[in-house]
Amino acid sequence: MSSSIGSKLRSLRRARGYSQQYVADKIGMKRSTISNYEIDRRLPSLTDLKRVADFYGVGLDYFDLSSMDSIEDLLARARDIFVSPDVSQEAKDDLYKEIAMLYFKMK
């Protein structure tokens, strides 16, 4: 099983002996943002991930973005369903429950 983006970010930082504050200061982010990325509370944008990757001297391929693409695709499709007037509220509720179940299985 591959590691999450957050765990890879944390490993890179710890391997170099950096604090979250040090990394945040060097790349112009808040420490809380770095923390949220490392604990997978938030997924970094591609731009932010590129900044962090450049700082650590790794390529974006290090983070195996295929899983991120799948999640973003799922969320985009879900958004389309939730805003569609042609989809019943019951179907929207069912989809929400399925997404929530998937989320908790991933944790």
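**Exercise 1. What volume does the largest cavity have?**

*Solution.* The model is predicted: local features need pLDDT of at least 70, side-chain atom pairs count only at pLDDT 80 or more, and totals for chains, interfaces and linings use all residues. Residues are numbered from 1 along each chain as its sequence is written, and side-chain values use heavy atoms, with hydrogens and water left out.

Step 1. Search the whole structure: one cavity of 30 Å³ or more turns up. A cavity here is a set of points, on a 1 Å grid over the protein atoms alone, where a 1.4 Å probe fits but cannot get out.

Step 2. Take the volume, the space filled by probe spheres set on the points. The largest cavity comes to about 30 Å³.

Step 3. List the lining, meaning residues with an atom within 4 Å of a point. For the largest cavity these are Leu-9, Val-23, Ile-34, Glu-38, Val-52 and Tyr-56. Helix H3 (31–38) and H4 give two or more residues each. Helices are DSSP runs (H or I, at least four residues), numbered from the N terminus.

Step 4. Sort the lining by type: five nonpolar, no polar and one charged. Tyr counts as nonpolar and Glu as charged.

**Exercise 2. Which residues of H3 are buried?**

*Solution.* 

Step 1. Apply the cut-offs: buried is under 20% relative accessible area, exposed over 50%, partly exposed in between (1.4 Å probe, protein chains only).

Step 2. Read off Thr-33, Ile-34, Ser-35, Asn-36, Tyr-37 and Glu-38. That is six of the eight residues in H3, so the helix is mostly covered.

Step 3. Find the cover. It includes H1, H2 and H4, by contact (heavy atoms within 4.5 Å).

Step 4. Look just after H3: Asp-40 takes a positive phi of about 60°.

**Exercise 3. How many aromatic pairs does the structure hold?**

*Solution.* 

Step 1. Count them: four. Rings of Phe, Tyr and Trp (its six-membered ring) pair if their centres lie within 6.5 Å; planes under 30 degrees apart are stacked, over 60 edge-to-face, the rest tilted.

Step 2. Take Tyr-18 and Tyr-22. Centres are 4.7 Å apart and planes at 40°, so this pair is tilted. Tyr-18 is partly exposed at 27%, and Tyr-22 is partly exposed at 34%.

Step 3. Take Tyr-18 and Phe-55. With centres 5.7 Å apart and planes at 50°, this pair is tilted. Tyr-18 lies in the loop between H1 (5–15) and H2 (20–27), and Phe-55 in H4 (residues 46–56), so the pair ties together parts 37 residues apart in sequence.

Note on methods: On a 1 Å grid over the protein atoms alone, a cavity is a set of points where a 1.4 Å probe fits but cannot get out, and a pocket is an open set with protein on both sides within 12 Å along at least five of seven lines; lining residues have an atom within 4 Å of a point.
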